[in-house]
Amino acid sequence: MDVRRRIPVNPQDVKNDPGQICEIETDQDDRVALDSDAAQDVEIHDESEDDKSRKGANSDLSKTIPSGTNKTPDFLLVYLSVLPLRWQNWVIRGIFTLLMSLFFAFVVYLGPLALMITTLCVQVKCFAEIINIGYAVYRIHSLPWFRSLSWYFLIASNYFFYGENLVDYFGIAANRTEPLRVLVKYHRFISFSLYIIGFVWFVLSLVKKYYMKQFSLFAWTHIALLIVVTQSYFIIQNIFEGLIWFIVPVSMVIINDVCAYMVGFFIGRTPLIRLSPKKTWEGYIGGGFFTVIFGCLISHLLCRYDYFVCPVVFDEDLGRMSTACERSYLFRLEDYTLPLFLSGIMKMRFYPVIRTYPFVIHSFYFALFSSIIGPFGGLFASGFKRAFKIKDFGDFIPGHGGIMDRFDCQYLMATFVKVYISSFIRSPSPQHFYSQLLKLPTEHQLVIYKALQESLEREGYRVFVKL
């Protein structure tokens with residue numbers, strides 16, 4: 001600890017000699033004698049903590065955070081060593097893109113529950129990658145309880161959001177089980193209590209010399225929760241609306257990423273933005289073009305199957321989730337008259353009518369968003385990584401980086417789909433209404449029942465009550 005007391009100097013002397021500094025160094029005994037007035041002029045330098053943290057925040061983290069973009073698995077290195085580095089990376093990205101696509105198709109085949117579990121696993125990994133960067137930035141791994149607190153907040157957040165899904169979509173079945181009935185009724189109060197426990201835990205863990213670092217990482221944790229947990233909650237809700245609302249947007253982002261990379265790799269010449277020099281206008285436009293075509297084709301294909309278009313509901317008779325339903329108007333074929341300029345281009349001047357599903361029209365807007373706005377999710381992540389001088393969020397996927405490197409655009413797309421469904425598509429859910437009805441006192445339920453009975457009788461229906 002180096003303690004110095006500064007003595008004001010003559011401004012004229014400083015002007016003549018800018019390097020002049022008048023200081024009186026004090027030893028350990030003199031420090032005790034400093035009064036409160038003189039203490040205002042004392043500078044305290046702690047090289048072991050403050051300077052180290054300051055240097056860590058501005059240092060290069062590329063050696064701390066592993067990079068997967070240029071990572072070549074050992075079993076491939078033997079065969080690819082003859083290729084230039086640029087082509088090595090191209091082949092590796094292609095192989096692992098194919099493997100991830102096959103894995104995605106396999107999870108879709110397993111059904112909605114497998115997709116939800118996979119979403120949860122991806123969310124946890126993304127959260128871990130973001131939090132690890134926060135720890136590396138401040139270079140502090142001995143903050144009391146902070147790792148435990150970060151994961152505690154993740155668990156508490158997931159309890160709240162997944163519990164909301166349980167209440168919305170499984171409320172009827174849950175209300176028939178005594179332990180679950182209590183959890184459903186007081187779900188939000190329990191969730192709030194869990195958060196308050198974490199909040200109090202954090203306050204009690206504060207250490208005087210780490211205040212700034214602890215509050216910075218506390219904010220870092222909440223930003224990570226906002227980016228990761230909230231978006232994964234939207235993904236789960238999109239799955240419940242029907243697998244097609246999940247598969248089509250996710251596939252569009254994948255195709256846009258792949259096609260933009262391929263077009264930019266072979267013919268890209270014009271840089272798109274300084275933030276990411278490897279991205280080109282050719283790749284941006286080419287990726288958007290192929291995304292629109294692919295989106296319309298895959299939407300038309302999936303609309304043929306009830307498995308993809310039906311909402312995911314809990315079947316009480318089967319005791320499991322089901323995708324059987326009566327098709328919505330969105331998934332029934334309709335005739336659409338094309339504008340004259342389009343009918344001429346498509347050589348349909350005498351039959352300017354196209355027969356397709358209304359969902360395909362909506363998927364066109366999804367394609368536009370994923371190709372025009374979607375890449376900005378990746379650019380945001382690129383800016384984040386450049387701010388901390390790292391290339392990737394991790395090295396989990398060779399040729400690509402971390403899980404977050406592949407899902408930066410997906411989270412933005414999931415939010416758009418959720419907002420789009422809520423604004424233009426979704427009608428009130430009977431299951432959700434019924435679960436809310438069960439929470440009312442019996443006398444209120446009877447009032448609603450009588451009002452509903454009278455309304456149905458006015459419409460010409462006769463209501464019989466089986467006793």
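A residue is called buried under 20% relative accessible area, exposed over 50%, and partly exposed in between, using a 1.4 Å probe and protein chains only. The model is predicted, so local features need pLDDT of at least 70 and side-chain atom pairs count only at pLDDT 80 or more, while totals for chains, interfaces and linings use all residues. Residues are numbered from 1 along each chain as its sequence is written, and side-chain values use heavy atoms, with hydrogens and water left out.

At 45% relative accessibility, Lys389 therefore counts as partly exposed. Lys389 lies in the loop between α16 (374–387) and α17 (403–425), where helices (H or I, at least four residues) and strands (E, at least two) are DSSP runs numbered from the N terminus. Most residues other than glycine have a negative phi, but Lys389, which is not a glycine, has a positive phi of about 60°.

Next come two helices. Helix α9 (residues 187–204) and helix α10 (residues 211–241) pack at an angle of about 160°, with their axes 12 Å apart; the axes are lines fitted to C-alpha atoms over the stretch in contact, and angles run from 0 to 180 degrees between N-to-C directions. Because angles over 145 degrees count as roughly antiparallel, α9 is roughly antiparallel to α10. The contact (heavy atoms within 4.5 Å) is made by Tyr195, Phe199 and Phe202 of α9 and by Gln214, Phe215, Phe218 and His222 of α10.

Finally, strand β4 (residues 271–273) runs antiparallel to strand β5 (residues 276–280), joined by two bridges, and strands pair if DSSP finds at least two bridges between them. Ile273 has Ser276 of β5 as its bridge partner, and a hairpin joins β4 to β5 through two residues.

Methods: Angles under 35 degrees count as roughly parallel, over 145 as roughly antiparallel, 65 to 115 as roughly perpendicular and the rest as oblique.
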